[in-house]
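User: Please take a close look at the aromatic rings in this model and at what surrounds them. I would like one connected account.

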Amino acid sequence: MAFIGSQNRFNEFRADFLRDTGVKNVEDNLELYTQYVIARFTDQNHRLLNNLSNEVQELYKVLKKV
């Protein structure tokens with residue numbers, strides 16, 4: 001089941017992890033990789049919620065004028 005607006009980015013996360021950490025093998029560093037992926041999802045969720053909050057505030061301003 002896919003989340004709204006998301007896509008499978010496993011290969012992207014894996015490549016970014018290898019590039020960002022300098023680790024050569026994900027399988028030998030699963031705990032660190034898990035933390036990395038959780039941090040990426042947390043960051044993505046924060047950005048989505050921040051954007052949503054800004055849009056709700058803008059909508060409130062528009063509706064207040066009406």
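Analyst: Phe 10, Phe 17, Tyr 33 and Tyr 36 are linked into a cluster by ring pairs. The model is a predicted one, and four aromatic pairs are found in it. A pair of rings is described by how far apart the centres are and by the angle of the planes.

Phe 17 belongs to helix 1 and Tyr 33 to helix 2, so the pair ties together parts 16 residues apart in sequence. Both partners are covered: Phe 17 has 0% relative accessibility and counts as buried, and Tyr 33 is buried with a relative accessible area of 8%. The cut-off for buried is under 20%.

Phe 17 also has other partners. Leaving aside neighbours within four places in sequence, Phe 17 is in contact with Gly 22, Val 23, Val 26, Asn 29, Leu 32, Tyr 33 and Tyr 36.

Another of the aromatic pairs joins Phe 13 and Phe 41. Here the centres lie 5.4 Å apart and the planes are at 90 degrees, so this pair is edge-to-face. Phe 13 lies in helix 1 (residues 10-21) and Phe 41 in helix 2, so the pair ties together parts that are 28 residues apart in sequence.

For the setting, the chain has two helices and zero strands. Of its 66 residues, 12% are buried. The accessible surface is about 6000 Å², and carbon and sulfur atoms account for 58% of that surface. On the surface, Leu 49, Leu 52 and Val 56 form a nonpolar patch with about 300 Å² of accessible area together. Val 56 lies in helix 2 (residues 30-65), the helix that also holds Tyr 33 and Phe 41.

Methods:
Residues numbered from 1 in each chain as written. Predicted model: local features only at pLDDT ≥ 70, side-chain atom pairs only at ≥ 80, totals over all residues. Heavy atoms only, no water. Helix = DSSP H or I, 4+ residues; strand = E, 2+ residues; numbered from the N terminus. Buried < 20%, exposed > 50% of the residue type's maximum accessible area, 1.4 Å probe, protein only. Areas by Shrake-Rupley, 256 points an atom, 1.4 Å probe, with all protein chains shown as cover. Patch = residues over 30% accessible without salt bridge, like charges linked within 9 Å, V, L, I, M, F, W, Y side chains within 5 Å. Salt bridge = Lys/Arg side-chain N within 4 Å of Asp/Glu carboxyl O. Phe/Tyr/Trp six-rings, centres within 6.5 Å; stacked < 30°, edge-to-face > 60°. Contact = heavy atoms within 4.5 Å.
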